[in-house]
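Please work through this structure with me, one feature at a time.

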Amino acid sequence: MKKKLIHLSAAIAFMAVVSCKNEGNVATADTKIYEGKEIGTEYDTEINALLSQLTLEEKIGMLHGNSMFSTGAVPRLGIPELKMADGPLGVREEISRDNWAPAGLTNDFATYYPAAGGLAATWNQEMAYTFGNSVGQELRARGKDMLLSPAINIVRTPLGGRTYEYMTEDPFLNKKMTVPMVVGLQDNDVMACVKHFAANNQETNRDFVDVQIDERTLREIYLPAFEAAVKEGKAYSIMGAYNKFRGEYLCENDYMLNKILRDEWGFKGIVVSDWAAVHTTVKSLKSGLDIEMGTPKPFNEFFLADKLIAAVKAGEISEAEIDIHIKRILRTLFQVKAMGGKDRVKGSIATEAHYQDAYKIASENIVLLKNENNALPLQLDGVKSIAVIGNNATKKNALGGFGAGVKTKREITPLEGLKNRLPSAIQINYAEGYLERYDEKNKGKLGDITLNGPVTIDQLDPAKLQEAIDAAKKSDIAIIFAGSNRDYETEASDRRSLKLPFGQEELIKKVLAVNPRTIVVMVAGAPFDIQEVAKNTKALVWSWFNGSEGGNALADVLLGKINPSGKLPWTMPKNIMDSPAHATNSFPGNKTVQYAEGILVGYRWFDTKKIAPLYPFGYGLSYTTFAFDSAKTDKKEYKPTETITVSVTVKNTGKVDGKEVVQVYATKSDSKISRAAQELKGFQKVGVKAGGEQLVTVKIPVKELAYYNVTNKKWTVEPGKYTLHVGNSSRNNSNEVIITIN
């Protein structure tokens with residue numbers, strides 16, 4: 001059974017957000033709702049007593065990896081290892097203590113959860129809490145203290161190798177999904193390690209690239225989710241990134257780690273390095289790093305190991321300064337009950353309840369992109385056979401690529417999902433269609449930090465193509481499962497282009513030619529060029545690397561048991577050169593990358609520059625239709641300290657129950673500073689019965705309208721008129737309310 005939210009006030013506030021059963025059929029969204037557990041001073045007496053007994057060598061053993069995923073312990077004083085696990089898709093399998101080889105255990109299976117891009121596509125904070133809480137239970141069942149997750153770097157380029165793992169291109173949606181996930185995790189006596197701090201937005205040259213961002217852009221785009229994780233989520237740990245920022249590596253960046261993270265935001269937890277991201281001894285510690293983790297080499301050779309002992313003895317750094325870092329580590333160990341003898345959450349792993357958590361998230365994140373003539377959901381009357389075509393119908397994504405996966409006992413593929421859900425009388429004709437093949441000569445080494453990711457062979461195999469055509473010809477309906485996979489989209493390399501790999505576009509074209517009743521389902525974590533596919537197919541669905549129950553959730557959407565309600569968490573461009581980092585020729589850079597687009601990231605660029613995307617940020621259709629009516633605010637004028645309450649009536653004008661996402665964007669047309677055409681400032685997902693309506697309220701603190709004033713280094717709310725646009729995507733929000741800020 002899951003652990004309940006610890007704080008009653010937080011639980012009440014949380015339920016106010018996610019429930020649509022309030023009096024008067026009002027759904028509310030509060031912008032500051034979580035009351036995380038502050039890292040306090042209640043353990044100071046115990047910590048000081050331990051400090052007085054620790055030797056210098058024991059202290060320094062706690063500051064660096066003692067295995068691939070743990071720090072040194074001090075058994076004689078009851079100080080355990082701080083045990084970590086990777087976790088973007090669930091708790092990673094156990095690996096060897098001194099190398100990356102699997103440990104070969106039989107009890108390290110875990111639930112595979114949808115990737116974070118899919119989680120963000122739910123636009124549902126309740127799902128973010130569910131994700132965190134469920135993974136937190138599994139982490140405890142494996143005896144771990146820290147999950148190296150969530151990864152919340154902004155999706156700056158569609159080509160980013162970790163787009164599937166990151167949340168979104170928008171800082172507001174990012175922080176609103178991050179906070180409940182962190183709270184859910186830490187409600188289970190574990191630490192969330194929020195990563196990668198910060199401006200880690202490309203894999204190409206990530207080990208050394210020097211990122212240059214102006215201060216306003218840094219504050220408005222790249223830091224809000226981290227700040228919210230610290231201030232609202234009370235995250236216990238932060239991971240420093242690989243790259244440089246303004247000339248200094250981020251694991252020894254005084255401005256980022258000390259001045260912003262600790263001094264400005266009041267962070268009291270621990271900063272952990274990304275693996276092998278440390279470059280100095282004294283400087284990294286003085287700049288705010290607490291723990292150095294790394295890749296295989298003798299652990300005593302780490303910068304914060306023998307070198308640090310020598311530095312203390314040489315007087316380059318004082319033992320009192322070492323104590324500052326030890327106190328932080330001990331405090332978090334006490335906080336998660338790894339020390340002190342308190343009852344700690346035991347957890348559970350790979351349970352049916354957790355598989356259902358994965359199902360719930362997957363069932364809310366699938367995005368319906370096109371549905372001409374109601375081709376979906378599938379109408380099975382008279383249907384005797386269905387062709388299922390594509391390698392992605394059977395491809396498993398829990399493991400793969402150069403990133404942390406999950407060893408799971410259950411991963412329902414799309415083909416298995418259809419077999420589970422279709423009547424037994426319907427014949428499924430499966431054809432692989434395209435082969436997942438790579439050019440081994442030009443592939444490079446797995447893990448090369450370059451723009452040259454896996455090089456695909458894009459010629460179709462004639463025999464496989466013919467099998468697919470024959471299957472489509474003899475079937476009443478064809479479903480093509482296309483897109484990508486976690487071997488192609490991977491940490492350590494960015495993609496070369498938006499082109500669909502493996503010759504899939506040609507396959508889709510030829511199958512459509514022989515069976516016009518062909519539906520295309522994309523399984524991928526990042527945008528692709530699907531213009532031709534979108535133009536020619538009657539129905540187009542976007543799914544994700546979607547967890548243990550992904551195939552069942554997808555089948556339920558295709559068959560109408562689930563009405564799709566996912567919304568894109570990033571913009572789908574028509575052309576890569578339409579995207580801001582590419583339009584400004586500022587990706588990937590070489591030794592330095594200048595974020596020349598400034599604050600105009602994602603939809604901000606497309607909307608401000610009036611560039612039409614293929615599919616806009618926030619977009620997603622439903623099997624029903626919705627109408628928005630009577631958008632209004634509780635007042636017309638506000639002070640900077642007040643909160644705006646936006647209300648709108650959402651009517652379900654179709655014939656099936658469904659969920660819609662109310663999105664509120666703000667515009668200041670007469671601003672004295674440069675601004676994006678509009679910015680997301682509030683959202684709320686709401687369920688509405690067929691033929692029914694729901695009054696939805698979204699609360700927006702006026703301070704959310706602020707910009708970062710680089711002159712006085714303060715967030716500033718510019719007075720004057722603002723237009724609030726209410727709708728269900730960034731390009732469909734014509735309900736407008738004008739307000740004045742005094």
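Q: In which handedness does H7 pass H9?

A: This is a predicted model, in which local features need pLDDT of at least 70, side-chain atom pairs count only at pLDDT 80 or more, and totals for chains, interfaces and linings use all residues. Residues are numbered from 1 along each chain as its sequence is written, and side-chain values use heavy atoms, without hydrogens and water. The crossing of H7 past H9 is right-handed, a term for a near helix turned clockwise from the far one by less than a right angle.

Q: At what angle do helix H7 and helix H9 pack?

A: Two packed helices are described by the angle between their axes and the distance between the axes. Helix H7 (residues 215-222) and helix H9 (residues 254-264) pack at about 60°, their axes being 15 Å apart.

Q: Which residues of H7 and H9 meet?

A: Glu215, Leu218 and Arg219 in H7 meet Tyr255, Met256, Ile260 and Glu264 in H9, contact being heavy atoms within 4.5 Å.

Q: Where is Ala198 placed?

A: Ala198 is in the loop between strand E6 (191-197) and strand E7 (210-212). The peptide bond from Phe197 to Ala198 is cis, with omega near -5°.

Q: Is Asn373 buried or exposed?

A: Asn373 is exposed, with a relative accessible area of 64%, where exposed means over 50% (1.4 Å probe, protein chains only). Asn373 lies in the loop between E12 and E13 and has a positive phi of about 55°, although it is not a glycine.

Technical notes: Axes fitted to C-alpha atoms, helices over the stretch in contact; angles between N-to-C directions. Helix = DSSP H or I, 4+ residues; strand = E, 2+ residues; numbered from the N terminus. Buried < 20%, exposed > 50% of the residue type's maximum accessible area, 1.4 Å probe, protein only.
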